[in-house]
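Welcome, and please have your viewer ready. We will go from stop to stop, with something to select at each one.

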Amino acid sequence: MRVNQRTVDVPEAWTGASLLSFLRDHLGLTGTKFGCGKGLCGACTVHLDGTAVRSCLTPVSAVGDAAVTTIEGLGGERATHPVQRAWHELAVPQCGYCQAGQMMSAAALLTRDGAPSEESITQAMEGNLCRCGTYPRIRKAIHRAAAIERGEAPQGAE
Ligand code: FES
Ligand code: FES
């Protein structure tokens with residue numbers, strides 16, 4: 001399997017597991033969180049070939065050649081993704097538990113749409129729940145990340 005741009009072996013014993021368990025319990029990539037385990041909360045969101053998926057509902061056996069990206073690898077060679085920069089600048093997290101999933105969904109949205117409307121953000125983010133209620137800051141940070149990606153926001157501005 002390809003995870004965060006490196007190839008990892010999948011032992012036979014893990015082929016029937018969920019991608020979430022494989023990432024957290026086998027690879028130690030604990031940035032991806034277990035929330036509901038039923039596809040309802042979005043805490044476990046990762047990318048498969050750039051598309052946001054719920055890793056709790058994705059069997060390891062279904063990943064195939066798709067590139068898996070977790071929050072640990074989101075920035076890639078840039079180290080810090082614009083979404084991560086925006087989240088930091090606007091101090092989005094409260095307890096933080098949902099935020100990796102939120103950022104993965106936001107990053108997938110921005111890959112599809114560099115200037116998302118309020119409606120697009122609502123649609124893209126409605127499956128990511130936050131019990132702390134950080135939704136207004138998340139929305140603001142998505143606009144901010146889009147501006148950073150477009151080169152409109154110097155680092156540290158605002
Ligand atoms: S843990 Fe996967 S959606 Fe909640
Ligand atoms: S920041 Fe606490 S659940 Fe979202």
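The tour below starts with the sheet, moves to the helices and ends in the core.

A word on conventions: this is a predicted model, in which local features need pLDDT of at least 70 and side-chain atom pairs count only at pLDDT 80 or more, while totals for chains, interfaces and linings use all residues. Residues are numbered from 1 along each chain as its sequence is written, chains are lettered from A and ligands numbered from 1 in the order written, and side-chain values use heavy atoms, leaving out hydrogens and water.

**Stop 1: the sheet**

Select the five strands, which make an open, mixed sheet in the order β2-β1-β5-β3-β4. Helices (H or I, at least four residues) and strands (E, at least two) are DSSP runs numbered from the N terminus, and two strands pair if DSSP finds at least two bridges between them. β2 (6-7) and β4 (51-54) are the edge strands, each with a single partner, so one side of each has no neighbour in the sheet.

Now select β3, residues 45-48, which pairs with β4 in the antiparallel sense over four bridges. Val 46 has Val 53 as its bridge partner in β4. The hairpin of these strands has two residues between them, and Asp 49 there takes a positive phi near 50°. On the β5 side, two bridges join β3 to its antiparallel neighbour, with Thr 69 as the bridge partner of His 47.

Show the side chains of β3: Thr 45 and His 47 point one way, Val 46 and Leu 48 the other, and all are buried (under 20% relative accessible area with a 1.4 Å probe, protein chains only).

**Stop 2: helices on the sheet**

Select α1 (19-26), which lies across β1, β3 and β5, running at about 105° to β3. Contact means heavy atoms within 4.5 Å.

**Stop 3: α2 against α3**

The axes of α2 and α3 come within 9 Å and cross at roughly 130°. Zoom in on Val 83, Gln 84 and Trp 87 of α2, whose partners in α3 include Gln 102, Met 103 and Leu 110.

**Stop 4: the core**

Which residues touch the most other members of the largest nonpolar core? Among its 23 residues, they are Val 83, Trp 87, Met 125 and Ile 142. A nonpolar core is a set of buried Ala, Val, Leu, Ile, Met, Phe, Trp, Tyr and Cys residues joined through side-chain atoms within 4.5 Å. The largest share of this core, seven residues, comes from α3.

How values were computed. Buried means under 20% relative accessible area, exposed over 50%, partly exposed in between (1.4 Å probe, protein chains only). Axes are lines fitted to C-alpha atoms, for helices over the stretch in contact, and angles run from 0 to 180 degrees between N-to-C directions.
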